[in-house]
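Here's a friendly walk through the structure you have on screen.

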Amino acid sequence: MNGRAASDNVVLRSLAQIGDCGLFLLTLLAAVPRSLRHARETVRQVWFIGALSLTIIMVCGLFVGMVLALQLYHVLSIFGGTAATGEVVALAVYRELGPVLTALLFAGRAGTSITAEIGLMRATDQLAAMEMMAVDPVAYVAAPRFLGGLIAMPLLACVFCATTLLGSHLVGVSWLGIDNGTFWSNMIAAVELRTDVVNGILWKSLVFGAVVSLIAVFQGYTTPPTSEGVAYATTRTVVASSIAILALDFVLTAFLM
Amino acid sequence: MSQRKSYAVGTGLFIVLGFATLAYLATQTTSVANVRLGDTYTVDVEFANVGQLKERAPVKVAGVRVGQVKSIDLAPGKEAADVKLAIDKRFDKIPEDSVATIFTSGLLGDQYVGIEFGHARKMLADGGRLALTRPAQQLEEMLGKFFGAGGAADNLGGTYTVKARFSNVGALSAGAPVKMAGVAIGSVASVQADPVKLDAVVTLAIDRKYDQIPDDSAAAVFTSGLIGSQYVAIQPGGSPDMLKDGDELVLTQSAMQLEDLIGKFLVNGSPGEKKPGTSPDASAGKQ
Amino acid sequence: MTDSARTPSDDEALVRVRGLTTVLSGKTIFDALDLDIPRGRITAIMGPSGTGKTTLLKHITGQMRGDAGEVWVDGVNVPALDRRQLFALREKIGYLFQNSALLTDFDVFENVAFPLRQHTDLPEELIRNVVLTKLQAVGLRGAAGLMPSELSGGMARRVALARAIVFDPMLILYDEPFVGLDPIALNQVLKLIRTLNQTLGLTSVLVAHELEAIKQVADHIYLIANGKVVAHGDPNAIAGDGSPWTRQFFGGEADGPVPFQYPAGDYAQALGFPGGAA
């Protein structure tokens with residue numbers, strides 16, 4: 001902490017943040033067994049983080065699917081390959097767009113709310129009050145939100161992918177007149193369970209979920225207890241999460257594909 | 001307390017929904033069905049050329065899936081690929097003299113192994129071998145046969161030039177080959193638009209060796225291969241007079257927009273049918 | 001260390017602070033502070049803003065650690081405790097935060113029940129009884145279903161008080177309990193502090209500025225300034241003590257040992273008058 005105050009350099013400050021964040025992750029993981037005592041709180045967080053993000057995830061997924069189908073149809077029609085629309089949508093969404101866009105939306109919707117909530121709990125002494133009631137705030141506040149994000153992200157990514165297919169089907173089949181059977185059969189022939197669904201959707205979204213929740217919880221937990229501090233912390237959550245998601249996406253794609 | 005109940009119920013619903021979509025994505029939109037196998041028996045096949053055939057590609061009889069390709073190997077020192085087919089036990093009445101062929105589903109689709117039944121009484125058993133095979137048809141070769149492949153003609157004997165007018169030359173450009181009966185006899189010297197007649201004037205440089213071309217021959221702009229470059233084909237006529245330097249070919253046929261043709265074909269055709277030959281056939285007939 | 005970690009528990013003082021020295025970002029908060037808080041009494045800690053009264057409470061609960069010195073609470077030296085022991089100690093201490101610090105996610109009932117649910121596996125029936133008893137004691141049994149955002153400042157303070165006493169602690173620390181309360185709410189809190197101390201037999205420590213209110217409840221007053229105890233004693237005696245500190249603080253004078261002017265350079269020079277420094 002002293003080191004951070006001393007260094008004005010942005011690079012050093014970012015490095016110090018990453019270091020603090022890593023240490024925080026260790027604290028968090030150490031608190032996870034204790035937080036199982038508060039399993040009910042984790043369930044509540046899955047509701048707040050996951051279930052309440054469903055609307056934005058589904059609406060965005062629908063539109064992403066629709067615009068993808070529209071664009072692909074026009075490009076593919078040049079080669080007479082419009083029947084491949086479903087296949088290309090599915091591959092693009094399963095492998096990249098699904099996990100990445102879900103994670104970005106998740107950072108914007110759930111990440112900020114986690115940061116703001118914990119930041120406000122810090123600012124209004126609720127965390128200190130828990131300390132005083134001999135309740136570990138890391139185990140009671142931070143860990144359930146982290147776990148909640150970890151559980152919710154892959155599920156949200158699945159829902160996002162499904163609504164994307166729905167959106168592309170709406171535009172491709174119902175509107176642009178691609179044959180329904182070809183749309184699905186081409187997709188089914190092209191998509192593979194392991195590389196696309198497991199490595200694509202599940203692994204990526206799990207990693208993104210962990211990273212975004214960690215950043216959100218960390219920023220909230222370490223924010224200066226002022227309204228200004230909370231405002232900055234939420235901004236930092238979105239910025240840091242977005243960078244982390246896209247950078248990790250590259251790394252994961254390189255490793256998993 | 002009722003508050004807490006609703007969280008739990010809502011969270012449960014959310015998780016069930018999430019797993020349901022996962023199950024849906026995993027089973028209904030993937031080829032997981034292709035991966036899952038019932039009891040199968042293995043048949044060995046040897047192909048001279050497997051083309052783009054991949055493992056887990058379908059094996060079909062009469063267009064219906066009966067199994068999949070288990071492995072593709074090339075034994076060292078051999079020129080033929082060893083392909084093992086895993087065929088569903090239910091389909092155990094395949095005659096031993098059946099023919100295995102590598103087909104392509106659609107023009108640009110994946111390849112699969114098709115089995116055409118023979119007439120032998122003896123049926124294939126596990127570890128059996130299909131002796132009769134036909135290798136993958138290389139689309140390029142097929143098209144090449146239709147359109148006639150060949151390099152530019154050698155200009156050793158010098159050339160003479162002939163003009164031809166086309167209402168549409170497509171993507172024809174200078175340097176493109178001029179072919180007769182599929183064999184290159186010269187090249188396109190220039191492609192220019194006529195400012196008065198508003199058509200394209202193509203100058204053909206034809207090798208002097210080929211000076212016995214009737215002057216009522218027709219010139220047409222064709223495309224070599226599906227997405228290949230265009231060339232000028234000369235179809236000899238019956239006139240006793242031969243073309244001379246500076247003559248003009250009167251009968252011309254403009255470029256067919258092959259992309260349009262294939263576009264229509266791809267959209268309308270169903271993927272299972274094999275129609276790649278249809279379109280080239282049509283244009284080849286004119287040659 | 002084990003030898004000095006425990007002292008006889010029949011010690012008169014529940015909290016004993018010895019030689020506490022704390023420096024926070026270059027500023028000396030406590031300078032070898034000595035202080036005793038007797039059992040079963042209400043002790044008020046007063047002093048100018050920024051003298052570290054709240055910081056002192058945080059030292060007693062182990063939320064902060066001094067750079068030197070000892071803080072003995074019920075016979076254990078707080079700075080020497082590990083986290084587990086600290087949590088065990090805190091279960092015996094009630095703490096009333098300045099802004100009440102109610103958990104915004106829960107209603108009043110669940111806020112009061114929170115420590116019980118976290119530390120015990122009592123049946124729901126018993127939790128309900130305990131919580132309603134405590135809420136009745138602060139007069140808010142009827143507000144059990146409200147959310148913290150629906151409470152006034154005084155009500156929130158009382159809910160927080162109910163939560164602080166739900167485990168029947170031996171020591172309760174009040175951090176500025178009167179701030180921002182109207183006279184009615186202030187008197188309600190005042191009455192609660194007094195009755196709780198009498199009926200539950202606990203020890204209370206009060207950090208506050210309201211002299212009149214403190215005179216009504218406190219048995220003992222410590223006046224802290226510049227990191228030291230500058231005066232202490234009976235509320236009535238201390239006001240008439242006559243030291244410059246007490247005169248300024250209790251007399252409410254603008255200038256005195258606590259200067260009106262924040263330390264600054266020469267005024268005339270700052271305004272640019274030549275020769276100002278001379």
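## Chain C at a glance

Let's start with chain C, where residues 24 or more positions apart account for 63% of the contacts with a separation of 6 or more. Two residues are in contact here if their C-beta atoms, placed from the backbone, lie within 7 Å. Chain C has 11 helices and 10 strands; these are DSSP runs numbered from the N terminus, with helices being H or I of at least four residues and strands being E of at least two. Of its 278 residues, 36% count as buried. Buried means that 20 or more other C-beta atoms lie within 10 Å of the residue's own, exposed means 12 or fewer, and partly exposed is in between, with the C-beta atoms placed from the backbone.

A word on what you're looking at: this is a predicted model, in which local features need pLDDT of at least 70 and side-chain atom pairs count only at pLDDT 80 or more, while totals for chains, interfaces and linings use all residues. Residues are numbered from 1 along each chain as its sequence is written, and chains are lettered from A and ligands numbered from 1 in the order in which they are written.

Now find helix α6 of chain C, residues 153-164. (The expected span is 1.5 Å times one less than the number of residues.)

How many of the 12 residues of α6(C) are buried? The count is 10, so the helix is mostly covered. Among the buried ones are Met155(C), Val159(C) and Leu161(C), along with Arg157(C), Arg158(C) and Arg163(C). The cover includes β6 (93-96), α4 (108-119), α5 (124-137), β7 (171-175) and α7 (183-200) of chain C.

## The nonpolar cores

A nonpolar core is a set of buried Ala, Val, Leu, Ile, Met, Phe, Trp, Tyr and Cys residues joined through C-beta atoms within 7 Å. The largest one has 155 residues, and Cys161(A) and Leu173(C) touch the most other members. Helix α7 of chain A (residues 137-175) gives the most to this core, with 22 residues. A second, separate core has 26 residues, including Leu172(B), Val178(B), Ile206(B) and Ile234(B).

Which residues does Leu173(C) contact, leaving aside its neighbours within four places in sequence? They are Leu57(C), Ile60(C), Thr61(C), Ile93(C), Tyr95(C), Leu96(C) and Val205(C).

## Chain A's helices

Over on chain A, helix α9 (residues 193-222) has 30 residues and reaches 40 Å from its first C-alpha to its last, close to the 44 Å expected at 1.5 Å a residue. α9(A) bends by about 35° at Asn199(A); that's the angle between axes fitted to the seven residues ending there and the seven starting there.

UniProt, in an unreviewed entry, annotates "transmembrane region" at residues 15-34, 46-70, 197-218 and 238-256 of chain A. Its positions are given in the numbering used here, feature names are shortened, and annotations may be inferred rather than shown by experiment. Residues 15-34 of chain A are 100% helix, with end C-alpha atoms 29 Å apart. Residues 238-256 of chain A are also 100% helix, and their end C-alpha atoms lie 26 Å apart.

## Chain B

Chain B has five helices and 16 strands, and 28% of its 287 residues count as buried. An unreviewed UniProt entry places a "transmembrane region" at residues 7-26 of chain B. That span is 100% helix, and its end C-alpha atoms lie 28 Å apart.

Tyr7(B) is in helix α1 of chain B. Is Tyr7(B) buried or partly exposed? It counts as partly exposed, with 18 C-beta neighbours inside 10 Å. Not counting residues up to four places away in sequence, Tyr7(B) touches Val43(A), Arg44(A) and Trp47(A).

Ala125(B) counts as exposed because it has 12 C-beta neighbours inside 10 Å.

## Where the chains meet

The contact between chains B and A takes 24 residues from chain B and 28 residues from chain A. On the side of chain B that touches chain A, α1(B) gives the most, with 13 residues. By class, that side has 16 nonpolar, eight polar and no charged residues. Here Ala, Val, Leu, Ile, Met, Phe, Trp, Tyr, Cys and Pro count as nonpolar, Asp, Glu, Lys and Arg as charged, and the others, Gly among them, as polar.

Chain A also meets chain C, with 10 residues of chain A in contact with 14 residues of chain C. The side of chain A that touches chain C has six nonpolar, two polar and two charged residues.
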